[in-house]
Amino acid sequence: MESGDKMYLWAKELFPITRSITGEGVRKTLKYIKDNILDGLHIHSVPTGYKAFDWEVPKEWSITEAYIENETGEKIVDFKNNNLHVLGYSTPVDKWVMLDELKNHLYSLPQQPDAIPYVTSYYKERWGFCLSDNQMKSLKPGKYHAVIKSNLKAGVLNYGELILPGESDKEVFLSTYICHPSMANNELSGPVVTSALAEWLMTLTNRYYTYRIVFIPETIGSIVYISKHLEHLKNNVVAGFNITCIGDDRCYSFLPSRRGDTIADKAALHALKYIDPQFKKYTWLQRGSDERQYCSPGVDLPVTTIMRSKYGTYPQYHTSLDNLDFISPYGLQGGYDAVKQAIKIVDTNCYPMVTTYCEPQMGKRGLYSTISQKGSGGDTRLMMNFISYCDGTKTVLEIAEMLDAPYNQLFDIFTLLLSKNIVKLKR
Amino acid sequence: MESGDKMYLWAKELFPITRSITGEGVRKTLKYIKDNILDGLHIHSVPTGYKAFDWEVPKEWSITEAYIENETGEKIVDFKNNNLHVLGYSTPVDKWVMLDELKNHLYSLPQQPDAIPYVTSYYKERWGFCLSDNQMKSLKPGKYHAVIKSNLKAGVLNYGELILPGESDKEVFLSTYICHPSMANNELSGPVVTSALAEWLMTLTNRYYTYRIVFIPETIGSIVYISKHLEHLKNNVVAGFNITCIGDDRCYSFLPSRRGDTIADKAALHALKYIDPQFKKYTWLQRGSDERQYCSPGVDLPVTTIMRSKYGTYPQYHTSLDNLDFISPYGLQGGYDAVKQAIKIVDTNCYPMVTTYCEPQMGKRGLYSTISQKGSGGDTRLMMNFISYCDGTKTVLEIAEMLDAPYNQLFDIFTLLLSKNIVKLKR
Amino acid sequence: MESGDKMYLWAKELFPITRSITGEGVRKTLKYIKDNILDGLHIHSVPTGYKAFDWEVPKEWSITEAYIENETGEKIVDFKNNNLHVLGYSTPVDKWVMLDELKNHLYSLPQQPDAIPYVTSYYKERWGFCLSDNQMKSLKPGKYHAVIKSNLKAGVLNYGELILPGESDKEVFLSTYICHPSMANNELSGPVVTSALAEWLMTLTNRYYTYRIVFIPETIGSIVYISKHLEHLKNNVVAGFNITCIGDDRCYSFLPSRRGDTIADKAALHALKYIDPQFKKYTWLQRGSDERQYCSPGVDLPVTTIMRSKYGTYPQYHTSLDNLDFISPYGLQGGYDAVKQAIKIVDTNCYPMVTTYCEPQMGKRGLYSTISQKGSGGDTRLMMNFISYCDGTKTVLEIAEMLDAPYNQLFDIFTLLLSKNIVKLKR
């Protein structure tokens, strides 16, 4: 099965689970990944009340039922039909209220009257329902029975972590999140592409870097994770990718790290340029996911984001319309390939250095025509240009940018020259 | 009374005084400022012959009468009518001469036939009269009686100085000049705006910097002042403003320091951008006032100039047309506000630094919506962007430029965050 | 005789010699230069087999006859008519072959059917003839007698070297090559312009730098030369010029050093800008002569190239059409003047520094009007701008670029100010 199809299948199976930042949905999601894809995944638990910098792990939320019944006993809104119908982290309720009062607890999107919006209230206790604006407007005056069978109590926050050792202790960091209920691009594309990348990385026998891969609840999860590993991450992570919104077909997008000039930024930009020269380049000011934490002052990890359609930029975002029709095997495959190429660049990039002074004699190695005539040498121009920059101060990626050539082509030249002892490798 | 009106009134009262680089006019001007505005102003005297680097304080010049009489006894040119009529620093004369000889001592502007030009000869002894080109051309052949009752003898050069201590020993330097006879934009706008700024600075109880404010004769005055305080100025001045040509209504102008990238430059550019995005930006090569001395090699103070119409760029410049009609309360007020804003930026600018790792939890402090839904967060975007750059290496001004937002708006955000202990201040 | 005419005459006399990278032709060429132009030229010999980094000096090649005879005894191709007819470094041959076999040894240019191409095979033993494509196509089936009386045996590689000491041990390096048979722009323009430059340099009594001037075979010659002097060159050469393709009339061209920002680059770019603002600016990636060795990683000398029509860009290049008609006294003179101006800039460039604080008083030195009136000072603006940058951190050349003025004009101002003790010189 092609990677795209495989990822789409995983997304389909994970779609119905009612995830939130804590609770059974997160655990089911992590267990699915561990059981079906990444056997080595470690699932961690952090207790309610754990202090992470300015934040605290909230109570654990569980929910079994949530509906609104009208006077005739008809369930007009039911969480069983779509888990977006309940406000995330709703407190329990069971009472009959008049429409006017009910409306204080209803959330809809007048601009997208068909869509059920995704709304949460993690840090202030509330109850509520989300529904389409069309349905909202059709509600007749009268009494309604609001029922939410939920629970907010001390528990744990869970996340998954997988570490794949490499030749170096320095690390490449992949982070994705598993806290959104039934939505496809944001977020299931993230965990399924990340799982496929982890699978691929496990097949590599010559990883240069160590890979640290986490599946966490957004915001509170990344903050907790940073608080537990701050010094280690600061000392070891050379490049990181936050993986989200990477499954639709519409475009490729890039969001830089706060510093903007890390190797993660450069590798991602180079990879995307050759995949789709029209990719959208956002700025740090347009951020909105876990890079907000990873790149925050004092943490400042080199974390960047390669996406298809960026969160907040497509109408389906954070609504019931971000469903399995919005992503595709083709879209997931493209996103996967882009991040994979960026990772390949990071992992193999190095400082090539010629082993001699002056130009090497290419002819005696069969790398240059032995006849010198007008126009000869044209086909080896790229190789000679590459060599001319192999002074040990420029990486293969930097030379690729200087020569306006794709990394893979130059890396092949580098490998050939390495085999001929014309260049040596410096990290 | 509004500042603009007050400044205009001062200019009106100072206008008739016959100023030059030395003499009674300078003393009268300084005394007016001391008696009416800045009681703490110190008036200094430097003797003729004092050596300042490559220069020397010239003899003191005084003048009581200057006229040209024709054969019928009519005073056709009289210094009493306009003090521009006499060549600045004229030696005394009292003789009848033929028109041809007289013409060797007359100065007019053929391009502006109605204007009396402003001409001086400080460092070479001459006598002469200035008059409109129309009048010049109307002179009939014959004898003329040239009378100048002036005096050039050992005396002093005067300047005024006011020092307002702040929390820091580091200084902001304001310099303006008081050596031009009856002209309004160049120069009376300078001393009156500087006086008003000094008044305002005296009302501030929390000045961070110490303010050094001088009223000097142009060129020789600044050279003398630098020669007396070179090491102190080099060690202490963090920003300076040369205040001139700041009273007309036509435009705003900026002339950079020699280095071009000092905090004085940055603050002035930022202030002007938000006052008038169309302000004129000159280069160092277009300089022409005391920044020539303050920014000279080896002195190199961070002195920049905010103006309305720059010297040399408006036709009235250095003629009798640069009179009280050319400046206005409105023009003076605008110039005053621009320099004040630049000073405010310099004085309050600092390096904000977050007090936690990762984003602070804004919700619990009432600074962020506790409901998370599509589109929420938009109104706090600027605050979150600001926080994301509070890493202790960027000033509020630098962040304002990065976020393309006015300094005052960001400074208000900074103050709020400071009060909530989310950021701390580093100088 | 004008320099251009003189250089053209030398080129004419050197034209018929059969040069190659070794052998009698090189020696004759060097001897001509030594006997007729540069008496002090040292002629060096390096033996076959000498190892220079990744290269080795090849066997010495000599040739006396080379022709193709048809069945009727007619010499249809004869090296005596044009020494391009023989493949450079051809091994000897003397046999009758059928046309089909002969064609394996024939080289022509289908795109330029009238031109005899210039082809060599220095490092692989072959025999061959070069001829016009028209002649090639006219050959009738049959037997042909191929005769090459050549010799490949242990011998020497020769080069010429001239060192002109200056005040400083630091060096300016001029390199040109003397290995091409009868072609005019590439290459005889190189040695004749270099010879004329050496003549001029010898007339200078106040050379600041020491001048190292070499006449070498291209590629192998520069590699051998570098291998013998690597440390010395790296420690001493401040600027270098590779002199080639500098005799035609069509345009001026510039090829930068690998680093691109050396004083040689800056001086050449400045010189060309004022000679012909339309000059062609190539990049390092378009290189193709000895800068490939001089600027290679680890060697990295500041060597740049000023040309007329660059090698490879004009159709006559490396063919019999690059003859004495393609170059001209006028073209040679222009090339000579351009390199001369770049050398002048390098040799005289320094860091001027004012001798006083604040502006010097120009009036008392007769350098500024003693009357100050509107518009006065305009004619001394350039001088005052120059002085304002004389802070000891900027060279005359850098100030020329900042003021957008030609170096010579500023150097004259500098010399005047030096004579008045207003500035002093720092190297």
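How many residues of chain C are in contact with chain A, and how many residues of chain A take part?

1. The contact between chain C and chain A involves 34 residues of chain C and 26 residues of chain A. The model is a predicted one, and the points below should be read accordingly. The two chains bury about 2500 Å² between them, with 49% of this area on carbon and sulfur atoms. Of the area that chain C buries against chain A, 27% is supplied by C:Asp54, C:Leu285 and C:Pro297, more than by any other three residues.

2. C:Asp54, already named for its share of the buried area, forms a salt bridge with A:Lys364, in which the closest N and O atoms are 3.4 Å apart. Between chain C and chain A there are also 19 residue pairs in polar contact, both residues being at pLDDT 80 or more.

3. As to secondary structure, two helices of chain C, α6 (220-236) and α8 (291-294), each supply at least two residues of the side that touches chain A. The most comes from α6(C), with four residues. By class, this side of chain C is made up of 18 nonpolar, nine polar and seven charged residues.

4. In one of the salt bridges, the side chains of A:Arg292 and B:Glu359 meet at 2.8 Å, N to O. The interface of chain B and chain A also has 19 residue pairs in polar contact, with both residues at pLDDT 80 or more.

5. Over all chains the structure holds 42 aromatic pairs. One of them joins A:Tyr122 and A:Tyr123, whose ring centres are 6.2 Å apart; their planes stand at 80°, so the pair is edge-to-face. A:Tyr122 counts as buried because its relative accessibility is 19%, under the 20% cut-off. A:Tyr123, at a relative accessible area of 35%, is partly exposed.

6. In chain B, B:Tyr89 and B:Tyr122 form an edge-to-face aromatic pair, 5.3 Å centre to centre with 85° between the planes. B:Tyr89 is in the loop between β5 (75-78) and β6 (93-98) of chain B, while B:Tyr122 is in the loop between β7 (106-107) and β8 (129-130), so the pair ties together parts that are 33 residues apart in sequence. B:Tyr89 is buried, at a relative accessible area of 2%, and B:Tyr122 also counts as buried, at 19% relative accessibility.

7. Is A:Gly160 buried or exposed? At 0% relative accessibility, A:Gly160 counts as buried. This glycine is placed in strand β10 (residues 156-164) of chain A. Leaving aside neighbours within four places in sequence, A:Gly160 is in contact with A:Leu30, A:Leu41, A:His42, A:Ile43, A:Ile213, A:Val214 and A:Phe215. The C-alpha atoms of A:Gly160 and A:Tyr177 are 9.7 Å apart in space, and the two residues are 17 residues apart in sequence.

8. A:Thr219 lies in the loop between β12 (210-216) and α6 (220-236) of chain A. Not counting residues up to four places away in sequence, A:Thr219 touches A:Trp55, A:Asp290 and A:Gln293. A:Thr219 and A:Tyr294 are 75 residues apart in sequence, yet 9.8 Å apart in space, C-alpha to C-alpha.

Technical notes:
Residues numbered from 1 in each chain as written. Chains lettered and ligands numbered in written order. Predicted model: local features only at pLDDT ≥ 70, side-chain atom pairs only at ≥ 80, totals over all residues. Heavy atoms only, no water. Contact = heavy atoms within 4.5 Å. Buried area = accessible area lost by both parts, 1.4 Å probe. Salt bridge = Lys/Arg side-chain N within 4 Å of Asp/Glu carboxyl O. Polar contact = N/O pair within 3.5 Å; in protein donor to acceptor, adjacent residues only side chain to side chain. Nonpolar A, V, L, I, M, F, W, Y, C, P; charged D, E, K, R; others polar. Phe/Tyr/Trp six-rings, centres within 6.5 Å; stacked < 30°, edge-to-face > 60°. Buried < 20%, exposed > 50% of the residue type's maximum accessible area, 1.4 Å probe, protein only.
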